[in-house]
Amino acid sequence: MNSKTATGNQPEEKAKTPLWDRDAFDRKPYADFLTQYLKERTKANVDGELRPFCIALDAEWGSGKTYFIQNWSSDLRKEGAHPTFVFDAWEFDSSSEPTIAFMSAFKGALDAEIAKLSLVDQLQDRAKNAVREGVKALGSAVLPLTKAVFKGAINKALPGVLEDVSKSLGDGNLAIDDLDLDELSGNSINGAKAALDKYFEVALKQPTDRKKLIETFKKQIESTLLLLQNEGGRELPFFVFIDELDRCRPTFAVSLMEELKHIFNVPGMCFVVSTNISQLSHAIGAIYGARFDGRTYLQRFFDSEWSLPSPSVYDYCIQLADEFPLLNNSNVESCFPVASGFTFPCREAVPAAVVEWVADAFNLDLRTIKKMTEMMQACISSLTGEESIYLLWLATLAAARIRSPELFTVLTEQRFSPEKLTDLWRSVATGDVPRKYMVPNMTTYGAKEREVSLIDVVKVFCERSSQSVFDIDEAISAQKVNQFDYPNSLVKKFGREAHKNPHFGSFVAVSYAKYATLIKHAGHLHNK
């Protein structure tokens, strides 16, 4: 059995990894705020009754929803006050019965909470009574079960007790009221609970008994929650986190939300549904039709919505630079002006700043930035030897390949046309605004500010891509290129390749000329 399912699908705690480790987007304060907000919203009203509550945690792909949920729930468990359960909806997406998948995992989490308490005997008695009531509530829904079907269900639920069950069943159909639960479960409350899961699965398909069954089940959950609070020293609400819902099949997501609203709308329970509401709305439209208002439809499930702030592009790029370590290789050249980088925005010459510059110029969203970075990593893995890797050019080609195949062709064709590039660049790289940097002022011995756009750098790469490194080296000597004359100063880097190449006199293209082919190959990669 999958250990995650058996334990209620809880994320494994890693003792050696502190909570909120590498919290690059500073999310913990948000979790602390939401905890207090949700505790207040589920508090007992003037009549002393707890409220059920459901909040949507809305965020785009790449915003760190899963990281946020995992650490927030772990924080709550570490404090030990509130019962907590995390359900990874994507893990059960292949299930044809979302409710059964959720209930099975939820009961595992509830059992784990009960096991922590000291009043074991009392809890077991109450749980047994609740199970007996639940089984009785199934009534005629399970009366038609044949001996073979019944034996199959019990064999899966309670290995080792099939022989005892067979004796109880005799040789024909048997009303559930005639079953001795103690005999069925072998005096095991866990066994009885597991059997209830199987009965519940059958009963959900019987419309005539559904309403009665749901009410009985809700009473069972509510009484258990109150027991945890009043006699077990736990605080309510019971936090239930639903993660990865926007990755699921539309039919699975809608069915799960519908059932949670009707079956698990229990006082003392607080649902936190992590999803991309816009994407989920479109998925609902795919089921009910393009004219169906999926956004309004979702509002019936959520009492409140909270948008997880998206990270800044630069913060996200810093995280990606850690995730894709080849970007930090010693032979990687940022291709920034001088070593100090830019003054506005203030950026050092580091890989994250390179990725950000290109992402800003092409107006890339987080998902696309990750795809671009993954393509860059794949290309670098194919570049062997000690040759310099011009990261800015590699990033530009990757972005162009994703956003505009036509621009990619212009950037990589043999006969470079500055006019053609400029016209197309303006329509594609609409976010390419000048960046500022400082250079020494040889006259006053101070410094002066200059600015440069990405297209200015791109033109230098394009102009030299079809030239031999030996021709570039000779041109540098003849023109006396100034190291501070950026971006023209980049040719000094290209010219150094001539001194490392033993094939003097023959045509040797600059090393970055091969990037176009590698980017084409990497363009077939897809994010998960």
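# Reading strands, rings and pockets in a predicted model

Me: Where do I start, and how many residues of strand β1 (residues 53–58) are buried?

Reply: Strand β1 (residues 53–58) is mostly covered, with six of its six residues buried. Buried means under 20% relative accessible area, exposed means over 50%, and partly exposed is in between (1.4 Å probe, protein chains only). Helices (H or I, at least four residues) and strands (E, at least two) are DSSP runs, numbered from the N terminus. Bear in mind that this is a predicted model: local features need pLDDT of at least 70, side-chain atom pairs count only at pLDDT 80 or more, and totals for chains, interfaces and linings use all residues. Residues are numbered from 1 along each chain as its sequence is written, and side-chain values use heavy atoms, with hydrogens and water left out.

Me: Which residues sit on each face of β1?

Reply: On one side you have F53, I55 and L57, on the other C54, A56 and D58, and all are buried.

Me: Which strands does β1 pair with?

Reply: Two strands pair if DSSP finds at least two bridges between them. Here β1 runs parallel to strand β4 (residues 269–275), joined by six bridges, and I55 stands opposite V272 in β4. With strand β5 (residues 304–307), β1 pairs in the parallel sense over four bridges, and A56 stands opposite E305 in β5.

Me: How do I read aromatic pairs, and how many are there?

Reply: Rings of Phe, Tyr and Trp (its six-membered ring) pair if their centres lie within 6.5 Å; planes under 30 degrees apart count as stacked, over 60 as edge-to-face and the rest as tilted. By that rule there are 38 aromatic pairs. Take W20 and Y67: they are edge-to-face, 6.1 Å centre to centre with 75° between the planes. W20 is in the loop between α1 (3–6) and α2 (28–41), and Y67 is in helix α3 (residues 65–79), 47 residues apart.

Me: Is W20 buried or exposed?

Reply: W20 counts as buried because its relative accessibility is 8%. Y67 is partly exposed, at 26%.

Me: What is the geometry of Y390 and F494?

Reply: Their ring centres are 5.2 Å apart and their planes at 80°, so this pair is edge-to-face. Y390 belongs to strand β9 (residues 389–390) and F494 to helix α22 (residues 490–499), 104 residues apart. Both Y390 and F494 are buried.

Me: What about a charge over a ring?

Reply: That needs NZ of Lys or CZ of Arg within 6 Å of the ring centre and within 35 degrees of the ring normal. The charged end of R347 sits over the ring of Y314, 3.9 Å from its centre.

Me: What volume does the largest pocket have, and which residues are closest to its centre?

Reply: On a 1 Å grid over the protein atoms alone, a pocket is an open set of points where a 1.4 Å probe fits, with protein on both sides within 12 Å along at least five of seven lines; lining residues have an atom within 4 Å of a point. Grid points are joined across faces, edges and corners, and a volume is the space filled by probe spheres set on the points. Here the largest pocket has a volume of about 990 Å³. It is lined by 28 residues, and W61, G62, G64, Q319 and K370 are the closest to its centre. Helix α14 (313–323) gives the most to that lining, with five residues.
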